[in-house]
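Dear colleague,

My notes on the findings follow it.

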Amino acid sequence: MSRESQFDVIIIGTGAGGGTLAYHLAPSGKRILILERGDYVAREKDNWNPKAVNVDVKYNTKESWRDVDGKELHPHTNYYVGGNTKFYGAALFRLRQKDFGEIRHFGGISPAWPIGYDELEPYYTQAENLYQVHGNRGEDPTEPPAGKAYPWPAVSHEQRIQHLADDFRAAGLIPFHTPLGVMLDEKNPRLSPCIRCNTCDGFPCLVHAKSDAQVLCVDPALQYPNVTLLTNALVKRLESDSSGREVRKVLVERNGVLETYSGSIVVVSCGAINSAALLLRSANDRQPNGLANSSGVVGRHYMGHTNSVLMAISKCPNLTIFQKTLSVNDFYFGSKDFEYPMGHISFVGKLDAITLRAGAPAIAPGFTLELMAKHSLDFWLTSEDLPDPNNRVTINRDGEIALAYTPNNLKAHDQLKAHLQRAMKQNTCSIHGHECHQGLFARSLYVGQRIPLAGVAHQNGTIRFGRDPKTSALDVNCKAHDLDNLYVVDGSFFPSSGAVNPGLTIMANALRVGDHLLRRLRVPIVECAANGSKSTVAQPVAG
Ligand SMILES: Cc1cc2nc3c(=O)[nH]c(=O)nc-3n(C[C@H](O)[C@H](O)[C@H](O)COP(=O)(O)OP(=O)(O)OC[C@H]3O[C@@H](n4cnc5c(N)ncnc54)[C@H](O)[C@@H]3O)c2cc1C
Ligand code: SF4
């Protein structure tokens with residue numbers, strides 16, 4: 001059975017890109033169809049259960065991908081309304097201004113973006129307002145210029161993290177408060193939606209207080225009668241017209257039935273790996289290498305950051321509940337000892353013994369896993385990986401996703417670890433002095449999977465934007481060079497990835513592309529003075 005329906009805009013995927021775009025376009029009055037392969041995350045006690053989430057990986061997709069040798073991969077990614085923002089740590093950073101230009105790294109060149117920071121800046125402000133980012137402007141030494149203050153003050157440090165911040169400052173570093181999208185009102189705890197719990201990063205929020213794309217974008221968009229969401233709607237293929245310049249049909253499998261939808265504009269936002277896979281699967285006689293792929297770049301230049309979780313074990317316990325409040329960017333662009341960019345230091349949520357058992361870290365001498373969990377500061381280190389055309393998504397003969405990835409620029413990451421190690425050695429406490437710090441221990445990221453968890457969490461780069469159709473698949477508005485009505489607004493468009501978390505940049509870009517689409521649809525954009533954000537008017541302009 002087949003069902004056909006015509007829409008003005010079809011958005012595929014409801015994560016940071018698709019969800020944000022749906023929110024932005026919703027007031028336009030245009031007929032918008034949102035297609036999401038997943039369902040809503042069930043609200044249940046397991047949302048906050050470390051065993052269910054980290055050991056049983058209850059909420060991960062059960063889909064298998066393949067690595068370059070054809071071995072099975074179980075990707076740590078989530079298919080739900082809100083996409084991976086349902087599970088993210090909500091550290092919402094702007095890229096640095098210099099990240100938009102070409103940067104020389106130890107391992108090679110990080111290419112320039114086709115737009116400058118200035119073009120994205122107003123949209124970063126809008127995205128920070130929309131996602132209720134809590135931060136203190138001016139603390140981060142590498143922070144780019146911003147037109148407005150954060151809408152909420154930074155989330156405060158708990159005692160152990162404050163002590164660490166003081167130690168880092170005494171050692172000459174400039175630690176700062178991580179910008180976070182949690183709906184915490186510390187001045188009014190009785191009414192604060194967020195209760196500042198220990199199960200945030202990697203967990204869905206049981207009380208809907210995390211700034212995710214479902215709660216803040218998709219649900220509000222659905223208040224408009226012109227917006228329709230279909231869940232459990234897996235887009236299998238896009239079909240173009242006889243000229244090859246337009247997507248005519250979106251083929252969807254829903255509850256075992258194949259349905260067909262048409263949109264004047266089709267926006268793909270399935271996450272960088274699935275969006276590339278969808279375009280490659282949509283190959284036809286005229287476009288044998290995949291849709292929008294005359295350049296051959298679709299699926300290539302996959303990036304995911306080089307990430308490590310490092311546990312710094314101290315003799316003193318770490319009683320922190322919500323640990324993600326502190327970051328260090330002193331080594332982002334280099335140091336006196338290493339002149340190349342190294343990356344970003346921040347925190348994961350507080351690790352517990354149940355999660356550690358699954359991650360099997362090297363045991364610190366004299367410690368058990370329980371003790372390590374109680375005494376660890378759990379750092380998250382991110383370095384930029386460089387776009388390599390051979391790091392790529394392909395579709396194998398069985399129609400499965402295959403991911404080839406050889407890490408690069410690793411020396412920068414090793415240097416980042418060494419710099420953190422040195423900074424930690426200078427830490428002190430009133431009981432144990434410098435002897436308090438027992439060393440850094442890597443927590444394996446290969447938790448029951450064969451690819452690094454984080455390698456997929458920060459996926460980007462597979463459908464890069466650029467000015468030259470020979471070397472990029474999308475133009476500066478994220479429209480496919482080859483097609484007139486196909487856009488991509490997830491993390492695929494990054495030509496390089498910087499070393500901060502990608503979420504806010506994806507959201508800001510979705511708002512930017514949203515404005516372009518509103519102009520194309522001839523819907524006026526009005527300034528909303530209250531929060532500096534823009535919104536559309538309810539009725540489209542005739543003609
Ligand atoms: C545990 C974890 C922690 C993270 N922490 C942070 C953080 O602190 N800060 C940060 O900035 N980033 C963080 N990230 C990364 C962040 O979540 C992603 O960068 C962001 O969600 C990517 O947005 P996206 O729109 O590209 O894709 P996604 O958010 O993944 O959305 C893609 C959507 O498309 C749907 N979809 C896929 N294929 C199809 C199809 N064929 N048909 C229909 N629908 C489809 C998916 O179900 C999903 O809903 C984290 C990620 C994880 C997993
Ligand atoms: S810390 Fe706040 S936002 Fe995060 S899961 Fe807990 S209640 Fe939700």
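By class, the shell around ligand 1 comprises 16 nonpolar, 16 polar and four charged residues; here Ala, Val, Leu, Ile, Met, Phe, Trp, Tyr, Cys and Pro count as nonpolar, Asp, Glu, Lys and Arg as charged, and the others, Gly among them, as polar. This is a predicted model, in which local features need pLDDT of at least 70 and side-chain atom pairs count only at pLDDT 80 or more, while totals for chains, interfaces and linings use all residues. Residues are numbered from 1 along each chain as its sequence is written, chains are lettered from A and ligands numbered from 1 in the order in which they are written, and side-chain values use heavy atoms, with hydrogens and water left out.

Of the 36 residues around ligand 1, Gly17, Glu36, Asn84, Ala91 and Gly503 come nearest (a residue is near if one of its heavy atoms lies within 4 Å). Strand β9 (233-240) gives the most to this shell, with three residues (strands are DSSP runs of E, at least two residues, and helices runs of H or I, at least four, numbered from the N terminus). An oxygen atom of ligand 1 lies 3.0 Å from a backbone N or O atom of Tyr80.

Around ligand 2 there are 13 residues, the closest being Cys194, Ile195, Cys197, Cys200 and Cys205. By class, that shell has 10 nonpolar, one polar and two charged residues.

Helix α1 (residues 16-25) is mostly covered, with nine of its 10 residues buried (under 20% relative accessible area, 1.4 Å probe, protein chains only).

Yours sincerely

Notes. Buried < 20%, exposed > 50% of the residue type's maximum accessible area, 1.4 Å probe, protein only. Polar contact = N/O pair within 3.5 Å; in protein donor to acceptor, adjacent residues only side chain to side chain.
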